[in-house]
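Student: Can you walk me through this structure? I'd like to start with the ligand.

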Amino acid sequence: MTPELMEAGARRLEARQLHAQLGKTESGGRQAGFSRIAKAGEVDVTHGRILYLEDVSVSFDGFKAINKLSLDIAPGELRCIIGPNGAGKTTMMDIITGKTRPDEGTVFFGSTIDLLRYTEPEIAQLGIGRKFQKPTVFEQLTVFENLELALKTNKGDERGVWASMFFRLDSTQGDRLAEVLHTIHLADSVGAQAGNLSHGQKQWLEIGMLLMQDPKLLLLDEPVAGMTDEETERTAELFLSLKGKHSLMVVEHDMSFINTISDIVTVLCDGAVLAQGTLAQVQADERVIEVYLGR
Ligand SMILES: Nc1ncnc2c1ncn2[C@@H]1O[C@H](COP(=O)(O)OP(=O)(O)OP(=O)(O)O)[C@@H](O)[C@H]1O
Ligand SMILES: [Mg+2]
């Protein structure tokens, strides 16, 4: 058998193992077992929702960080989330990605995938990518190597990093990498060491690493914090170019950035939705002015 065939065989085996694993998942104290098994890359959006949260609550030491939160997002939508410090924005992302388990409520990805049945790495495999505020790229590796690695690894899975050292891109993956490089404006820096990039470029590289896995839904927590004005503008362009191809949930405090990219803005406060509408609508809402914008 040629090395290529062996590699392809190993990949198929990996895919089967993942599939088997996803089919018999038990997590969060709930029994898994669907009539319809969720496969990576397949999300049922026939009901017009890629993400659906209903009456979700979580308490930390008696403090309700999320309090009967209900929210949904349409496929291809770019949803902006704003709200005061401590409103529960990051905690909401922790719940969607399986980092935090809610005490009660419903969290669905499409109409058939109950995210509360899955672990954090499984949720990433299902097609939900998350970007934390601080860039976490491999500083010693080049831009190219970071993107290549992202194709094979799941963040947080150390074994994945080692497995991917023995991995070579096929032509489709090579094309994808080239496309992502262009999207994140780093085509000219493909050979640069990631540690030498600017803060903004590192953020774009990390977004690129998420894009390599072709996520259906991308969660971005304060993506332009610490960026220069020019970097912020380019990030706005980047997000607008992703809209439609991916669904995005963007948490930001930078109102001019929100103004550039937003369609619907959801205002979170005390762990629940306070207001929702266009930026102009929520900016005119007395309750929003009082708790957030009027500061
Ligand atoms: N693991 C945890 N243990 C205890 N309290 C927590 C935990 N995670 C979040 N909290 C609390 O829950 C509340 C919501 O925090 P969260 O980080 O979600 O707010 P946020 O809206 O993201 O705020 P910011 O705009 O400052 O990032 C805060 O009061 C925070 O202290
Ligand atoms: Mg936060």
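Student: Which element gives the most to the shell around ligand 1?
Tutor: Helix α2 does, with 3 residues. Keep in mind that this is a predicted model.

Student: Which residues are around ligand 1?
Tutor: F60, A65, G83, N85, G86, A87, G88, K89, T90 and T91.

Student: And by class, what does the shell around ligand 1 have?
Tutor: The count is 3 nonpolar, 6 polar and 1 charged residues.

Student: Back to α2. Where does the helix lie?
Tutor: Helix α2 covers residues 89–96. It lies across β3, β4 and β6. Its angle to β4 is about 65°.

Student: What sheet do those strands form, and in what order?
Tutor: An open sheet of 4 strands, ordered β4-β3-β6-β7. The pairing is antiparallel. The edge strands are β4 (63–73) and β7 (113–114), and each pairs on one side only.

Student: How many bridges join β3 and β4?
Tutor: β3 and β4 pair over 7 bridges, in the antiparallel sense. Within that pair, V58 stands opposite I66 of β4.

Student: And β3 to β6, how many bridges there?
Tutor: 5 bridges, with the strands running antiparallel. L53 has V107 in β6 as its bridge partner.

Student: That leaves β6 and β7. How many bridges?
Tutor: 2 bridges, again antiparallel, with β6 spanning residues 104–109. F108 has D114 in β7 as its bridge partner.

Student: What is in the hairpin of β3 and β4?
Tutor: There are 2 residues between the strands. D61 sits in that loop and takes a positive phi near 50°.

Student: Why would anyone flag that phi?
Tutor: Because most residues other than glycine have a negative phi. D61 is not a glycine, yet its phi is positive.

Student: What about D214, what is its phi?
Tutor: D214 has a positive phi of about 50°, and it is not a glycine either. Its place is the loop between α7 and β9 (217–221). D214 counts as partly exposed, because 15 other C-beta atoms lie within 10 Å.

Student: New topic. How many residues has the largest nonpolar core?
Tutor: The largest nonpolar core has 69 residues. Those with the most contacts inside it are I96, I128, L147, L205, L219, V250 and V267. Helix α7, residues 199–212, gives the most to this core, with 7 residues.

Student: Why do such residues sit together?
Tutor: In soluble globular proteins, nonpolar side chains tend to be buried together.

Student: Take I96. What is it in contact with?
Tutor: Leaving aside neighbours within four places in sequence, I96 is in contact with L51, V107, L115, I128 and L219.

Student: Now zoom out. How many helices and strands are there?
Tutor: The chain has 11 helices and 12 strands. Buried residues make up 38% of its 295 residues.

Student: Where is D44, and what does it touch?
Tutor: D44 is in the loop between β2 (30–31) and β3. It touches G110, S111 and T112, not counting residues up to four places away in sequence. D44 and S111 are 67 residues apart along the chain, but their C-alpha atoms are separated by 5.7 Å.

Student: Is D44 buried or partly exposed?
Tutor: Partly exposed, because D44 has 15 C-beta neighbours inside 10 Å. Buried would need 20 or more.

Student: Last one, L293. Which helix is it in?
Tutor: L293 lies in α11, residues 286–293. Not counting residues up to four places away in sequence, L293 touches Q283 and V288. L293 also counts as partly exposed, with 15 C-beta neighbours inside 10 Å.

Student: How far apart are L293 and G83?
Tutor: They are 210 residues apart in sequence, and 8.6 Å apart in space, C-alpha to C-alpha. G83 is one of the residues around ligand 1.

Key:
Residues are numbered from 1 along each chain as its sequence is written. Chains are lettered from A and ligands numbered from 1 in the order in which they are written. This is a predicted model: local features need pLDDT of at least 70, side-chain atom pairs count only at pLDDT 80 or more; totals for chains, interfaces and linings use all residues. Two strands pair if DSSP finds at least two bridges between them. Two residues are in contact if their C-beta atoms, placed from the backbone, lie within 7 Å. Axes are lines fitted to C-alpha atoms, for helices over the stretch in contact, and angles run from 0 to 180 degrees between N-to-C directions. A residue is near a molecule or strand if its C-beta atom, placed from the backbone, lies within 6 Å of it. Ala, Val, Leu, Ile, Met, Phe, Trp, Tyr, Cys and Pro count as nonpolar, Asp, Glu, Lys and Arg as charged, and the others, Gly among them, as polar. A nonpolar core is a set of buried Ala, Val, Leu, Ile, Met, Phe, Trp, Tyr and Cys residues joined through C-beta atoms within 7 Å. A residue is buried if 20 or more other C-beta atoms lie within 10 Å of its own, exposed if 12 or fewer, and partly exposed in between; C-beta atoms are placed from the backbone.
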